[in-house]
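Visitor: Hi! Could you walk me through this structure? I'm new to this.
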Amino acid sequence: MSGVNDFVCKFATVNGSGSASANTMFAKTIFRMGVPVSPKNIFPSNIQGLPTWYEVRVSEKGYLARRDGIDLMVAMNPQTYREDLAEIVPGGWLLYDSTMPRQWPREDINVLPIPIAAMCAKRWTDPRQRQLFKNMVYVGALSALLDLDMEVLKGVVADQLRGKEKLISANLDAVALGRDYALENFQCPLPIRVQTAESARGKIMVTGNNAAALGAIYAGATVCSWYPITPSTSVAEAFESYLKRLRTGEDGKVLGAVVQAEDELAAIGMAIGAGWNGARAFTATSGPGISLMSEFLGLAYFAEIPVVLFNIQRGGPSTGMPTRTQQSDVMACAYASHGDTKHVLLFPSDPNECFTLGAKAFDLAERLQTPVMVLSDLDIGMNEWMTDPFAWDDAYAHDRGKVLDAAGLDAAKDWGRYYDVDGDGIPYRTLPGTHPDKGAYFTRGTSHDAYARYTEDGRINAENMLRIARKFQTAATLVPKPEIATRDPRSRIGVIYFGSTRPAVLEALDELEAEGIRVNAMRIKAFPFSPEVKAFCDAHDRIFVVEQNRDAQMRSLLMLEAGIDGEKLVATTNFDGMPLTADFVRKSIRTSIGPVKVAAE
Amino acid sequence: MSYIQKPVAYHPALKKNALGLTHRDYEGSMSTLCAGCGHDSITAAIIEACFELDLPAHRIAKVSGIGCSSKAPTYFLGRSHGFNSVHGRMPSVTTGANLANRDLIYIGVSGDGDTASIGLGQFAHVVRRRLNMVYIVMNNGCYGLTKGQFSATNDKTSPSKKGEPNPFDPIDLCQMAIQLGAGFVARSFSGDKRQLIPLIKAAISYRGFAFLDVISPCVTFNNHPASTKSYDYVRAHNQAIDKLDFVPEEREITADYEEGTTTAITLHDGSRLMLHKVDQTHDPRDPDAALMTIRSRAAQGELATGLLYIDESQQDLHDILRTSDRPLNSLPASELCPGSAKLEAINARFR
């Protein structure tokens, strides 16, 4: 099956050894040759010395999900030789550092021994260089084996090391060392190789966290308060670097503020304080942070304060798998905090949507005066995805929601902070400092009436809770609608998915269609569910709900909040922490509907 | 209940300040605290301080946590926005609010449980960050709303109303504040408005983190004869280390100060704090001396009150972060959103 512009290459290395930048250059070179590529960094929760992997899927057709079955393994880590060897497909290749020669207990693969450490020891004297350039030596060997365009590779090296000119030539020396060795000792190129193509032209390669930060910049966010936690950290760091680049004046003054808080409680507290005071504010966190922020999320829900939270989900529960991906915070976020609470959730499916939905989140938060959580995950957030370039419509005006200024307050007859004037459940808010004697109110997490006054009258509190529920119905009309792809209008089989599983699901549906099974698909982009979600479910009898958690949380949410009959919703869950494969989705659906199809025939 | 409205009738002879406002204009709703609660005296002192400083109430934001103390902001500055947040988290909410609009005055009100127990972490970090705010702890040594449990500021020698001993050492918030870098640290007593009002005025005028620990007896649960936070005990053991007057920027000093004992401390806005030292060993500009004064007085069973420490040149969080001089919440989208033109260059970096 694998061949030109269609294969998977995996690098098994030790973290902290400098392999990450070499691997990135490898993937970027293929991308710049116009071939779609999807790298996945599989890394430990550790800084140095533990196994780490980098999987690169190359697919001219643009299938960017992870794929099992490694065509070419670059085995640089003796700790993991055994498992790395097992992953290679029959007929595949194993490239390893043969400075210490080794017998491999498999007859069905091709071994490409290169004495990398010995070559580096001969070429360089500095121990650090000897170590670092090993990575570039295998990249050089791959350039010959996979027929990479050397000019493109040189350009990538130069771009990556811009400003460190000395390093560029040293790195290219290492590349040449590996390349020459491969050309002399192996038959190059291999049947799996890269050929210049067009399907990646015009695209960009970016991580979701970087894109989310850019979305916050374009939304006009000015306050970011956060606490470091994998895999969300790079959201705040990218935002800070964009502030430096895009929002710092000549006097060094910044149009924005980033505060690294003392914990997640303070991080969300600051964002809420800033949102209350009229700044667009956000925080970024992951699972454990959601648990810690829950009390404050309840306050922001009940006191109706806009705030945006990027949850870059990782493996749970508890500390869980901090460096693996999951979609297991759906329920925790939908109902975060005690009492009756519900929150608006957005589900970006790639970095481009981290940008667009990330920006949209601020509009929704201010329009609805409530927390909006963007549920990304480690796979989207930290891996580089090929995606359409970012686009922004300059005619677009941010929706700042219902905020009364001084003139508005003078015009308002009987203003009450929680008074539902328009019948959409959304009241009018005021900002501190607006008017000398109008519009002040006491924001509180205690039960309150329409004028924000404390009340212990249960009926008044119930009315207020019902209004907030009404506001949530309004939210369902404002959030992004699901993306529905109908492959066969007569098909009663559907699949529901969201977030980072998109590439795997779309590829699986193509494969199923090739097998004669047409499955209609709906990608959920937001909670609360817009009416289209229920309509799709009503139109299908058997719906596979694909998600990356044990308990089928989205399926439960569909049953609870859209009233879908659980009988027709087939839980299709994977939660091993690895990005989903198309094979998993295809097999799950195939196994389940096989007999049905036979019976129909 | 705090929704009880006070009558809005004005006595024609009520004194007016430079803005033409009376005390009534700085009041809030009716207090629902116990009669005689020290917190109500602090409320009255805040009202007086804001009135005398001619502050427009709508330019002040009041933020609190949870507890009796945190209900107090309802009872003053009814024309100011208030935010009664969650327990122990007033500092983070105030930090965010201040980041959004640096031009307002932020008065944070907290209690000893809210600050010294559940909120100790946020307290420490808001001090470290030098947030430009006034942080007032209404300190009664106990949990009032849950009926009298010890708080972490209660003295070890001070038993409960039922006579149960307190087995743990107290946390001295003023010492902590000095050690963590607060620029303005003072302690006072709710029953001493001559000392408290100038301190609040000075704290408001100070740019940086101003901390005020106000001993405020709990008449219901911690005002018994054996308590060290009772009215009687504090009156008997209160040792003012200095006596103060606050002189706003543009006004002449009319009081007659004794030469040699008075230090004038100029605050950021040009106003002055006239300090008459009572304890000659105490130098409020020296953090070590300030800590020494607190500790040596405490060893004698006394409570050092007054301006304990001041650093007139402190930078605030905005200086440290180099944020825009204009409030962030006032910046238009045109200055914040880089637009499609800039996206081209950004996309190019990802190609």
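Predicted model: local features only at pLDDT ≥ 70, side-chain atom pairs only at ≥ 80, totals over all residues.

Visitor: What pLDDT does chain A average?
Guide: Chain A averages a pLDDT of 96, and 99% of the residues score at least 70. Over residues 596–601 of chain A, though, the pLDDT is below 50. Beyond near neighbours in sequence, that stretch has 1 contact in the model.

Visitor: Which domains is chain A divided into?
Guide: Chain A has domain 1 (6–185), domain 2 (206–387), domain 3 (403–478) and domain 4 (483–600).

Visitor: How many residues of domain 1 of chain A are in contact with domain 4 of chain A?
Guide: On the domain 1 side there are 7 residues, in contact with 9 residues of domain 4 of chain A. Those on the domain 1 side divide into 3 nonpolar, no polar and 4 charged. The C-alpha centres of the two domains lie 36 Å apart.

Visitor: New topic: what order do the strands of the open sheet have?
Guide: The 9 strands run β17(A)-β2(B)-β1(B)-β3(B)-β4(B)-β8(B)-β7(B)-β13(B)-β9(B), with mixed pairing.

Visitor: And which strands stand at the edges?
Guide: They are β17 (442–444) of chain A and β9 (238–240) of chain B. Each has a single partner strand, so one side of each is left without a neighbour in the sheet.

Visitor: How do β7 and β13 of chain B pair?
Guide: In the antiparallel sense, over 4 bridges. F184(B) stands opposite I310(B) in β13(B).

Visitor: What does helix α6 of chain B pack on?
Guide: Helix α6 (residues 173–180) of chain B packs on the sheet, touching strands including β7 and β13 of chain B. The direction of this helix makes about 170 degrees with that of β7(B).

Technical notes:
Residues numbered from 1 in each chain as written. Chains lettered and ligands numbered in written order. Domains from an automatic or database assignment. Contact = placed C-beta atoms within 7 Å. Nonpolar A, V, L, I, M, F, W, Y, C, P; charged D, E, K, R; others polar. pLDDT = per-residue confidence, 0-100. Pairing = 2+ DSSP bridges. Helix = DSSP H or I, 4+ residues; strand = E, 2+ residues; numbered from the N terminus. Axes fitted to C-alpha atoms, helices over the stretch in contact; angles between N-to-C directions.
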